[in-house]
Amino acid sequence: MRTKNKTYYFIITAMLSAVAGILMSLEFPIPLMPPFYKVDFSDVPSVIATFLLGPVSGICVEVIKILIKLITVGTTTMFVGEFANLLGTLLFVLPLWIVFKKMGQTRKAAVISLGINLPIRIAFSCVLNACITLPLYASAMGLSLDEVVRTVGAVNPLIRNLPLFLILATIPFNLIKLLLNYIVGYLLYDRLKEVGVVKGWRERYDS
């Protein structure tokens, strides 16, 4: 029975990882946002995996989806975007799971954990852009940080320096993307739980 449960666990994780990899490739831009800021729904399978199967499954989905995109599509950000996604994986999955488990793994716990995770990830994105992503772009392009900010922010004339880039681009973009992913992820998780997908696994996993 234990072997069967583990097999089922790996199958569900692999399926969600494959879906996440496909969704990560189906990205679309947002008006007035830098060209590398594109919305996709690849966090949806990660949310489902974390709530249904636990943090290890959620982390695996996040890591595997990046590998799938690199293999099938390649990188359009000189690997900076993929590196940023990888850094944010633990900050995404672990706080989400800690709050969800502490509050009893109920529907209310899922909503609250997503609500708490939202500002954490937005704050992390600001730090990541200011300290890692944009400096890496600057280094790769042979430009100064201010020049990179003006270049990538050219779609919005109000973006003239790093603080304005974070306020006018990083924060609104992540708010839109994360809200879309979290709402869809929660609705699908709630539906899958209702129809009994991985029924009984949660209890066996925690015991």
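Me: How far apart are the end C-alpha atoms of helix H3 (residues 55–72), and what span should its 18 residues have at 1.5 Å a residue?

Reply: The model is a predicted one. The expected span is 1.5 Å times one less than the number of residues. For the 18 residues of H3 that gives 26 Å, and the end C-alpha atoms agree with it, being separated by 26 Å.

Me: Is cysteine 131 buried or exposed?

Reply: The cut-off for exposed is over 50%. Cysteine 131 has 56% relative accessibility, so the class is exposed.

Me: How many disulfides does a search of the whole structure find?

Reply: A disulfide needs two cysteine sulfur atoms within 2.5 Å. Searching the whole structure for such pairs gives a count of zero.

Me: Is aspartate 40 buried or exposed?

Reply: Aspartate 40 sits in the loop between strand E2 (38–39) and helix H2 (43–53). Its contacts beyond four places in sequence are Leu23, Met24, Leu26, Glu27, Lys177 and Asn181. The relative accessibility of aspartate 40 is 3%, so the residue counts as buried.

Me: What is the length of the polar contact between the side chains of aspartate 40 and serine 42?

Reply: A polar contact requires N or O atoms within 3.5 Å. The side chains of aspartate 40 and serine 42 are joined by one of 2.6 Å.

How values were computed
Residues numbered from 1 in each chain as written. Predicted model: local features only at pLDDT ≥ 70, side-chain atom pairs only at ≥ 80, totals over all residues. Heavy atoms only, no water. Helix = DSSP H or I, 4+ residues; strand = E, 2+ residues; numbered from the N terminus. Buried < 20%, exposed > 50% of the residue type's maximum accessible area, 1.4 Å probe, protein only. Contact = heavy atoms within 4.5 Å. Polar contact = N/O pair within 3.5 Å; in protein donor to acceptor, adjacent residues only side chain to side chain.
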